[in-house]
Amino acid sequence: MKTHRIVKESDVIYLAGLIDGVGSFEVNVGPHENYATGFRFEPMIRIQLKESDTAVLGLLDEYCEGVGVNYSIQDRSNTTSLRFVVQDPDHICRFIGPISPYLIRKYSDAEVLCDKIAPKVKDGKHRTKQGIYELMEYVEQLRAGSGRNPKYDQAWFEEEWKGEISTE
């Protein structure tokens with residue numbers, strides 16, 4: 001069993017501010033032929049950073065090691081920015097847990113992601129058309145106020161899968 005290091009409260013508070021400012025809790029929903037439903041459903045935490053933010057990247061790395069979270073760093077092509085990404089539902093909630101009491105702007109999104117979406121994804125609900133349809137209610141809560149208007153929402157799936165799912 002891997003032992004986790006103690007993370008300083010001041011670092012946790014700093015990371016909560018970072019997430020409130022430049023982080024996002026989201027779910028990528030889109031067509032993908034490798035899935036039985038024809039759609040992938042991927043919850044994630046994303047934090048956009050500059051390549052030069054080495055101290056912040058170091059703090060994120062230390063925090064993730066301390067709380068036992070796997071993450072990836074994605075280079076943004078043609079930019080000097082990076083994306084810090086956590087995708088596993090267990091790891092998303094493990095990442096959010098210590099930070100959530102200090103979140104202000106993203107507190108309700110953290111609750112939706114950890115209390116509503118992650119448990120259903122862990123149970124495999126996102127692997128069925130009915131499950132995706134039901135989960136989209138929570139995805140739309142995360143999207144509210146983002147200014148984005150994605151094609152795939154609950155109404156789209158209701159129309160696309162009419163007769164295959166229950167909308168009761």
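## Salt bridges

The structure holds 5 salt bridges, and it should be read throughout as a predicted model. In general terms, side chains of opposite charge can pair when their charged atoms come close.

One of these salt bridges brings together the side chains of Arg46 and Glu26, with a distance of 2.2 Å from N to O. Arg46 belongs to strand E2 whereas Glu26 belongs to strand E1 (residues 23-31), so this pair ties together parts of the chain that are 20 residues apart in sequence. Both partners are hidden from the surface, since Arg46 is buried and Glu26 is buried as well, each falling under 20% relative accessible area.

## Two further charged pairs

Another salt bridge is formed between the side chains of Glu42 and Arg40, where the N to O distance is 3.2 Å. Glu42 is partly exposed, with a relative accessible area of 23%, and Arg40 is likewise partly exposed, its relative accessible area also being given as 23%.

In a further salt bridge, Glu164 pairs with Lys129, and the closest N and O atoms of the two residues are 2.6 Å apart. This pair links distant parts of the chain, as Glu164 lies in the segment after helix H6 (154-160) and Lys129 lies in helix H5 (residues 129-143), a separation of 35 residues. Lys129 has a relative accessibility of 25% and therefore counts as partly exposed.

## Helix H2 and its surroundings

Helix H2, which covers residues 54-67, is made up of 14 residues, and the distance from its first C-alpha to its last is 20 Å, close to the 20 Å expected at 1.5 Å a residue. The residue that follows H2 is Gly68, which has a positive phi, near 75°.

Within H2, the buried residues are Val56, Leu57, Leu59, Leu60, Tyr63, Cys64, Gly66 and Val67. An α-helix has 3.6 residues a turn, so residues three or four places apart point the same way.

Note on methods. Residues are numbered from 1 along each chain as its sequence is written. This is a predicted model: local features need pLDDT of at least 70, side-chain atom pairs count only at pLDDT 80 or more; totals for chains, interfaces and linings use all residues. Side-chain values use heavy atoms; hydrogens and water are left out. Helices (H or I, at least four residues) and strands (E, at least two) are DSSP runs, numbered from the N terminus. The expected span of a helix is 1.5 Å times one less than its number of residues. Buried means under 20% relative accessible area, exposed over 50%, partly exposed in between (1.4 Å probe, protein chains only). A salt bridge is a side-chain nitrogen of Lys or Arg within 4 Å of a carboxyl oxygen of Asp or Glu.
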